[in-house]
Structures are given as C-alpha cells and as structure tokens.
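Subject: A structure for you to look at

Hi there,

I am passing a structure on to you, together with some notes to read beside it. Please open it first and have a look around.

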Amino acid sequence: LRSTAPVKMVRGVTAMMLFLSGAIASDVKIIFRKSLNTEIAYTYAAGFPINITLDIFNLGSEPAYGIKTSDPWPQDYFDIDGETEAEFDEISAGGHLQHNFTVTPKFDATPEKPLLYVRGFPAELIYSTDAEGENSVRAISTQMRDLLVRSYEDYVRLTAKHNTEWSIFGLGMTASVLGPLGGFAYFSRMKGNPAMKEKSS
C-alpha cells in the first residue's frame, strides 16, 4: 500500500501558499472588530442600551472597495436604534472606518427565566480588493462574548449597590489622605502655641 500522507501534505502546503500569495498580491489587510459598550462593562439589562461599534482597519498598502457590514440582532429581544447595516465606497490604505448603532434588550423576567441568554455572534463584512468588484472577500468580525441579560429591577439593585460601594471607597480614600494632613496641622498648632508649651512643661 502506498501512503497518501505526503501527497496530502503537499496539497495542503500548496493551498496555503496560494492563499498567502493571493493575500500578498492584493495587499489589502483588513481587521474587522466588533465591540459592545455599556454603562457598567459587561453588564446587560432590559431597558438599558448597548452601544455597538464596528471598526474596520486596513493595514495593507492598497485600498479596498465596496465595503458592506451587517450585524443583525434578534428584534424579538432587542429594540434597535440606528442601522445594523452600512456601506462605504472605499477604505484607503492605512484607513479606518466606523459604524455605530444601539440595541436595547427587552424581556420580562420570571422565576423560571430570571436571565435572558444570548449566544455571542460576529458581524459580517464584504469588500472587494479591486475597484471593479471582481475579487470579493467575505469576512467576520472578532467574536462577541455571550450575553446574560438581567431584568430591569435586578440591574437597578445592582447599580445601587455598585454606587454605594464606590461612595464608601471614596470616603475611605478621602479619610486616608486628609487624616494624616489633619493630624499634622493639629500637632503643628500645638507646637507653635506658647500656652500649650507652658502647660506641657
């Protein structure tokens, strides 16, 4: 029996070389990033908006054309403010494009379902490496993490506790800074007061 392993390896290497040569020939290097921003990082709740940002970077030395982004969210669970799709004519070499929109979770928590679980999903990007649009490329963004969406009431309780903890922390920091200064001022007054000197002597 003749082993097919070397043949498969040669084919794999050849395919990789073709892919790399195509990428180098076009010299368009796209990075597509999806990010979510909330009032408290990585904390999501019904009725509180999530700001979605799609960033496109071209690290290559040639422009890309006909850029189209798509990031559809399930409208059964999210109100959408803005457009989940965007189009750009071109991104220059070393250029940066950005698209923003907002989604707001909506769901009624129950004892059986206190949280809404949403599996993370990437956004999609289509662009062309030539102005004629003959060499089309499809890509996906960086992966979005899974979401655990709290109820509105649970989020209000969480933020109230969060604000209280920061207030206590702030008071502690103020005391740690002003306490030594107050003691220094008090002992400085004692040292400069003749009556206090006579009494102590």
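Below I go through the salt bridges, then a surface patch, then a sheet.

A word on the ground rules: this is a predicted model, in which local features need pLDDT of at least 70 and side-chain atom pairs count only at pLDDT 80 or more, while totals for chains, interfaces and linings use all residues. Residues are numbered from 1 along each chain as its sequence is written, and side-chain values use heavy atoms, leaving out hydrogens and water.

Salt bridges

The whole structure holds seven salt bridges (a side-chain nitrogen of Lys or Arg within 4 Å of a carboxyl oxygen of Asp or Glu). One of them joins D71 and K34, with the closest N and O atoms 2.8 Å apart. D71 sits in the loop between β4 (64-70) and β5 (78-81) and K34 in strand β1 (residues 30-37), so this pair ties together parts that are 37 residues apart in sequence. Strands here are DSSP runs (E, at least two residues), numbered from the N terminus.

Are these two residues buried or exposed? D71 is buried, at 0% relative accessible area, and K34 is buried too, at 6%. Buried means under 20% relative accessible area, exposed over 50%, and partly exposed in between (1.4 Å probe, protein chains only).

Another salt bridge links D27 and K29, at 2.8 Å from N to O. Here D27 is partly exposed at 21%, and K29 is partly exposed at 41%.

D154 and R150 also meet in a salt bridge, at 3.1 Å from N to O. Salt bridges with shared partners join R150, D154 and R157 into one network.

A nonpolar patch

On the surface, L115, Y117 and L148 form a nonpolar patch with about 280 Å² of accessible area together (Shrake-Rupley method, 1.4 Å probe, only the protein chains shown counting as cover for residues). Patch residues have over 30% relative accessible area and no salt bridge; like charges are joined within 9 Å, and nonpolar side chains (Val, Leu, Ile, Met, Phe, Trp, Tyr) within 5 Å. L148 belongs to strand β11 (residues 147-150) and is partly exposed at 48%.

An open sheet

Which strands make up the open sheet? Four do, in the order β6-β4-β9-β10, with antiparallel pairing (two strands pair if DSSP finds at least two bridges between them). β6 (85-91) and β10 (136-140) are at the edges with a single partner strand each, so one side of each has no neighbour in the sheet. Between β4 and β6 there are six bridges, and I67 stands opposite F88 in β6.

Enjoy exploring!
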